[in-house]
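Here are my notes on this model, as numbered points. Please read them with the structure open.

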Amino acid sequence: MKVPFVDLGAQYQAIAPEINAAIQGVLEKRDFVLGSDVELFENEFADFIGTRHAVGVGSGLDALELVLRAWEIGPGDEVITAANTYIATTLAIMAVGARPVLVDMDPATFNIDPAGIEAAITAKTRALIPVHLCGQPADMDPIHEIAARRNLLVLEDAAQAHGALYRGRKAGSLGHASAFSFYPGKNLGAYGDGGLVATNDAALAERLRQLRNYGQRVKYVHTTIGTNSRLDTIQAAILRVKLRHLDLWNTQRGEHAAQYNALLAEAGCAVPQIAASRTHIFHLYMVRLENRAEVQKILADRGISTGIHYPIPIHLQEASASLGYRKGDFPATEKAAERILSLPMYAELTASQCEYVAENLREAIRITSDSRKQGATLAR
Ligand SMILES: *Cc1c(COP(=O)(O)O)cnc(C)c1O
């Protein structure tokens, strides 16, 4: 049996007639840039998330960067975010000239540790970017409490959390603004790049509409130094179709996660923990185990593709050298980076595929821990 890490083909097969008609519709209207589907999708996504406004942009990275730009965060400013996020979060901060200040994760949830935020705040801190990693919302209540008390802006990185709930409210509706990505592999993915900012702030939304479109308020009247970062009309049409299926797909991911949890209960690996008052949409289903390289190879040999999100923490990346961090600065993040393994996860995964993955993972853990013990005996 072959189990890919994600299977975008299986999803397309299931909804091909709807997708094809949506693309055809744009081709017939030929409103390729900021066409009618962009605004329709923005409205539908804002309704789904529960914000008043949504602004479609070119990518998740651009969504993060444009909000920081709109808030006039730049050189001399600091922005606090999680050490264990995808590098896009810190690249957005660096792109506007501000300094990313990292905070270690809570090992239970993989979300930013609120206690660490307080300690990282300085007179230069302007904003917090909690990341809803893997599809589980960060602990937003203490984050909001700190932000309100210290007068900081909160930008949610919701790139992995389309539809996840925190105390009954959608991730992406909890901060002053939020950034979504529609990278193809995300829970709501386009057939190319795409991103969006959700917010209740009308003035911010208006400013973002200008920034994404060459800084123009009306055609050829440029009021600010903008850029070209517009959600593509064809992608918006595709996303409108997919948004109608998202709740079902997220539910199916949850069912696969429950099946993995049950089958891996005694396997010798740590399975994801979900904090009270949150739902998890399992963008990633991540286990933690010893002997990861060997386990991953055994699974690959048996047709099972897995991933590591992410193998090198941001503060140890060459691109972050200017930040001056060193190995040992974020122990929970560093320890996790050596042990995490993401199992195949997508809505169309079948029960027998889940079983095959779990069975082989159990066996791989057994084989590698036996050979490790044997090696230790021989070495003695
Ligand atoms: C995917 C992702 C991004 C960036 O989104 P792109 O659309 O690829 O630019 C940002 N943050 C996180 C946590 C992500 O997973």
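1. Which residue forms a salt bridge with E44? The partner is R240, and the closest N and O atoms of the two are 2.8 Å apart. Keep in mind that the model is predicted. E44 is partly exposed, at a relative accessible area of 25%. R240, by contrast, is among the buried residues of α8.

2. A second salt bridge is local. R69 pairs with E65, with 2.7 Å between the closest N and O atoms. Both residues belong to helix α3 (residues 60–70). They are four residues apart, so about one helical turn separates them. E65 counts as buried, at 16% relative accessibility, because the cut-off for buried is under 20%. R69 is partly exposed, with a relative accessible area of 33%.

3. The side chains of R278 and D139 meet at 3.9 Å, N to O. R278 lies in the loop between α9 (246–263) and β12 (285–288), and D139 in the loop between β4 (125–129) and α6 (140–150). The two residues are 139 residues apart, and the pair links distant parts of the chain. R278 is buried, with a relative accessible area of 13%. D139 is partly exposed, at 21%.

4. Now the wider count. The whole structure holds 16 salt bridges. Through shared partners, K29, D37, E44 and R240 are joined into one network.

5. Look next at α8 itself. How many of its 11 residues are buried? The count is 10, and the helix is mostly covered. The buried residues are T233, Q235, A236, A237, I238, L239, R240, V241, K242 and L243. Their cover includes α1, α2 and α9.

6. The packing of α8 on helix α1 (residues 8–29) deserves a check. The angle is about 140°, with the axes 9 Å apart. That makes α1 oblique to α8. The cut-off matters here, because roughly antiparallel needs an angle over 145 degrees. α1 passes α8 in a right-handed crossing. On the α1 side, the contact uses Q11, I15, E18, I19, A22, I23, V26 and L27. On the α8 side, it uses T233, I234, A237, I238, V241 and K242. By class, the residues of this contact are 10 nonpolar, two polar and two charged.

7. G35 is also worth a look. This residue is in the loop between α1 and α2. Is G35 buried or exposed? G35 is buried, with a relative accessible area of 7%. The C-alpha atoms of G35 and T233 are separated by 5.4 Å, although the two residues are 198 residues apart along the chain. T233 is also one of the α8 residues in the contact with α1.

8. Helix α3 has two packing partners to compare. With helix α7 (residues 202–211), the axes come within 10 Å and cross at roughly 115°. α3 and α7 are therefore roughly perpendicular to each other. Their crossing is right-handed. L66, V67, R69 and A70 of α3 meet L204, R207, L208 and L211 of α7. That contact has six nonpolar, no polar and two charged residues.

9. The other partner is helix α4 (residues 88–95). α3 and α4 pack at an angle of about 35°, and their axes are 9 Å apart. This crossing is right-handed. L61, L64, E65, L68 and R69 of α3 meet A88, T89, L91, A92, I93 and A95 of α4. The classes are eight nonpolar, one polar and two charged. E65 and R69, which form a salt bridge with each other, both take part in the contact with α4. R69 also contributes to the contact with α7.

Methods: Residues numbered from 1 in each chain as written. Predicted model: local features only at pLDDT ≥ 70, side-chain atom pairs only at ≥ 80, totals over all residues. Heavy atoms only, no water. Salt bridge = Lys/Arg side-chain N within 4 Å of Asp/Glu carboxyl O. Buried < 20%, exposed > 50% of the residue type's maximum accessible area, 1.4 Å probe, protein only. Axes fitted to C-alpha atoms, helices over the stretch in contact; angles between N-to-C directions. Parallel < 35°, antiparallel > 145°, perpendicular 65-115°, else oblique. Left-handed = near helix turned anticlockwise from the far one by under 90°. Contact = heavy atoms within 4.5 Å. Nonpolar A, V, L, I, M, F, W, Y, C, P; charged D, E, K, R; others polar.
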